[in-house]
Amino acid sequence: MRRPRLAFLVNGAPGSAMAERAQAFADRLTEFSSRVFFRTGGRLAAIERMVRGISVVRPDVCYVVDCALSGVAAAGIYRRATATPFILDTGDAVVELGRVLGRGRTGVAATRALEGYALRTAAAVVVRGSYHRELLSARGVPATVVPDGVAVDQFAPVRPPIRDAGAPPTIGVVGSSVWVPTRQTCYGWELVELIRLLRGRLPLRGILVGDGSGIEVLRRRCIDYGINDCVEFAGRVPYFELPEWLRKFDVCLSTQTNDVIGKVRTTGKLPLYLAAGRFVLASRVGEAARVLPGDMLVEFAGEHDPDYPARLAARIESLTGQGTDFSHRPECVDMAREHFDYDRLAPRVAEVIERVLSRAVRPRSARCHSR
């Protein structure tokens, strides 16, 4: 008996976070015969390549990772031609996010139409945050929560690193730093402000791993603040090198805004921080607020909170004053295994796929390959 065929359509390039998610599930869902297709090149060319690829594979189900044009359009075209159902896996409130990123009225309307089509047409929806499920439920769209994940054994140190007792604490951030003109901020802004606030009060070192349009803004701020020798901008690094970088961090920052955009997210970096056994300071928003203990959560107000770095600074001073051990946190590794390990998440995805397969009634004519 042949295994059901599954095609992952990734709205991202090989090596992206979404590519890692799709590949992690494909590797673990051994009851299916899986192929992963990535978005490469321009949008129309990417759609054409995806459709051509899945037409060869002839999957029983398509699994679209992220609500973006290429994957959704390819799955929709193939569904129309062959009646093959698709599953939508989404982790963002894409309409609100597009508005904040400065897309015009036409762009926001197009995003709303795309999301509406995807949610209406998908045979099942997977979201990465509990609040996102609540929002969709209010719209009459059922969803299954499968948060952002991590291969824990890839990030957990075999031998916990020994921290140099005389070294200043290192505060780290991993992620793309995209300048948001509507809010005049970007990912990593809180790290720079934190170092500025504690300069002269507590020796700290900052590391930001990632690239994006916000990096140069942050570099200039560091120069203006006179802390450019205290903050390292590592740039984008390959996924397989992230464990080594995380072991350099004493505290990892995971900041989400306290609005719809932040509330729907797990944020893919939180599982990585925990799996590496790092101490995390996160805004009390989204899945972080459901998972982390109170001493790792800091209040964040609204869309942009200029007072948040001061709260971070106060918490770090308190933690260092108490002599908190930042060398390794085995309880964080345990949290990662319980909530975010791909070995635990993959069976949830398998259940969703099996439900879709059990409901799929495809006429014989619909199974014919569409040229």
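The model is a predicted one, in which local features need pLDDT of at least 70 and side-chain atom pairs count only at pLDDT 80 or more, whereas totals for chains, interfaces and linings use all residues. Residues are numbered from 1 along each chain as its sequence is written, and side-chain values use heavy atoms, with hydrogens and water left out. Helices (H or I, at least four residues) and strands (E, at least two) are DSSP runs numbered from the N terminus.

Tyrosine 63, for instance, has isoleucine 87 in β4 as its bridge partner.

The buried residues of α5 are Val108, Thr111, Leu114, Glu115, Gly116, Ala118, Leu119 and Thr121, where buried means under 20% relative accessible area, exposed over 50%, and partly exposed in between (1.4 Å probe, protein chains only). These buried residues of α5 pack against α3 (69–82), β4, α4 (94–100), β5 and α6 (130–138).

The other sheet to meet is also open. Its 6 strands follow the order β9-β8-β7-β10-β11-β12, and the pairing is parallel. β9 (231–235) and β12 are the edge strands, each pairing on one side only. β7 and strand β8 (residues 205–209) pair in the parallel sense over 5 bridges, and threonine 170 has arginine 205 in β8 as its bridge partner. Helix α8 packs on the sheet and touches β7, β8, β9 and β10 (251–254), its direction making about 170 degrees with that of β8. Helix α9 lies across β8 and β9, running at about 160 degrees to β9.

Next come the cysteines. A search of the whole structure finds 0 disulfides, a disulfide being a pair of cysteine sulfur atoms within 2.5 Å. For cysteine 252, the closest cysteine sulfur is that of cysteine 332, 9.0 Å away, which is too far for a bond. Cysteine 252 is buried, with a relative accessible area of 0%, and cysteine 332 also counts as buried, at 0% relative accessibility.

Salt bridges, defined by a side-chain nitrogen of Lys or Arg within 4 Å of a carboxyl oxygen of Asp or Glu, come to a count of 22. One of them joins arginine 128 to aspartate 89, with the closest N and O atoms 2.9 Å apart. Arginine 128 lies in the loop between β5 and α6 and aspartate 89 in strand β4, so the pair ties together parts that are 39 residues apart in sequence. Arginine 128 is buried at 3% relative accessible area, as is aspartate 89 at 0%. Both belong to a network of salt bridges that links Arg21, Asp66, Asp89 and Arg128.

Arginine 183 forms a salt bridge with glutamate 303, the closest N and O atoms being 3.9 Å apart. This pair links distant parts of the chain, 120 residues apart: arginine 183 is in the loop between β7 (170–174) and α8 (189–198), and glutamate 303 in the loop between β12 (297–298) and α14 (308–321). Arginine 183 counts as buried at 13% relative accessibility, whereas glutamate 303 is partly exposed at 48%.

A further salt bridge, between glutamate 216 and arginine 219, has its closest N and O atoms 3.3 Å apart. These two residues are 3 residues apart in helix α9 (residues 215–225), so about one helical turn separates them. Glutamate 216 is partly exposed, with a relative accessible area of 44%, and arginine 219 counts as partly exposed at 34%.

Definitions and conventions
Two strands pair if DSSP finds at least two bridges between them. Contact means heavy atoms within 4.5 Å. Axes are lines fitted to C-alpha atoms, for helices over the stretch in contact, and angles run from 0 to 180 degrees between N-to-C directions.
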